[in-house]
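Have a look at the model below, then try each task before you read its solution.

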Amino acid sequence: MAGTLELRQQVVDSMGMLLPRVLRREVPAVSEDTRLMEELGLTSSSTLELLLELEEELQIQINVEDVDREDFASIGRLADFIAGHTLPAE
């Protein structure tokens, strides 16, 4: 499924750009292993804002009904979740 892998990489790339905007501060270089809550201090409200920004940036719709706290463990985990839970464009 090349489309899913491509989307996953787009999500990772976009997060590096969107996190400073969502957190309203400079963010050190991030990788797939960067822990969103522990290292970057994401809260539940900033997490929601990040998802909305990703939807807008990538022109996708994320099905958040199955999202779990573990899905926000790291950038890579969140990218995996989003790549597997994107709804078809309307």
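Two residues are in contact when heavy atoms of theirs lie within 4.5 Å of each other. Keep in mind that this is a predicted model.

**Exercise 1. Find the helix that holds Glu53, decide whether Glu53 is buried or exposed, and list what Glu53 touches.**

Step 1: Glu53 sits in helix α2, which covers residues 44-58.

Step 2: A residue is buried when its relative accessible area is under 20%. Glu53 has 16% relative accessibility, so it counts as buried.

Step 3: Leaving out residues up to four places away in sequence, Glu53 is in contact with Leu18, Arg21 and Val22.

**Exercise 2. Describe the fold order of the protein and judge its radius of gyration against the globule rule.**

Step 1: Count the elements: there are 3 helices and 2 strands.

Step 2: Along the sequence they follow the pattern α-α-β-α-β.

Step 3: The radius of gyration is 12 Å, close to the 12 Å given by the globule rule for 90 residues, so the protein is as compact as a globular protein of that length.

Step 4: For the outline, the C-alpha atoms fill a box of roughly 35 × 25 × 20 Å along the principal axes.

Step 5: Now turn to the contacts with a separation of 6 or more: 62% of them join residues 24 or more positions apart.

**Exercise 3. Work out which residues touch the most other members of the largest nonpolar core, and which elements build this core.**

Step 1: In soluble globular proteins, nonpolar side chains tend to be buried together.

Step 2: Here the largest nonpolar core has 25 residues, and Met15, Leu19, Leu50, Leu54 and Ile82 touch the most other members.

Step 3: The elements giving two or more residues to this core are α1 (2-23), α2 and α3. The largest share, 8 residues, comes from α1.

Step 4: Take Leu19 as a case: beyond residues up to four places away in sequence, its contacts include Val27, Leu36, Leu50 and Ile75.

**Exercise 4. Sum up the surface and the charges.**

Step 1: The protein exposes about 5500 Å², with 49% supplied by carbon and sulfur atoms.

Step 2: There are 7 positive and 19 negative side chains, and the centres of these two sets are 7 Å apart.

Key. Residues are numbered from 1 along each chain as its sequence is written. This is a predicted model: local features need pLDDT of at least 70, side-chain atom pairs count only at pLDDT 80 or more; totals for chains, interfaces and linings use all residues. Side-chain values use heavy atoms; hydrogens and water are left out. Helices (H or I, at least four residues) and strands (E, at least two) are DSSP runs, numbered from the N terminus. The radius of gyration is taken over C-alpha atoms; the globule rule is 2.2 Å times the number of residues to the power 0.38. Accessible areas come from the Shrake-Rupley method with a 1.4 Å probe; for residues, only the protein chains shown count as cover. Lys and Arg count as positive and Asp and Glu as negative; His and the chain ends are not counted. The place of a charge is taken as NZ of Lys, CZ of Arg, CG of Asp or CD of Glu. Buried means under 20% relative accessible area, exposed over 50%, partly exposed in between (1.4 Å probe, protein chains only). A nonpolar core is a set of buried Ala, Val, Leu, Ile, Met, Phe, Trp, Tyr and Cys residues joined through side-chain atoms within 4.5 Å.
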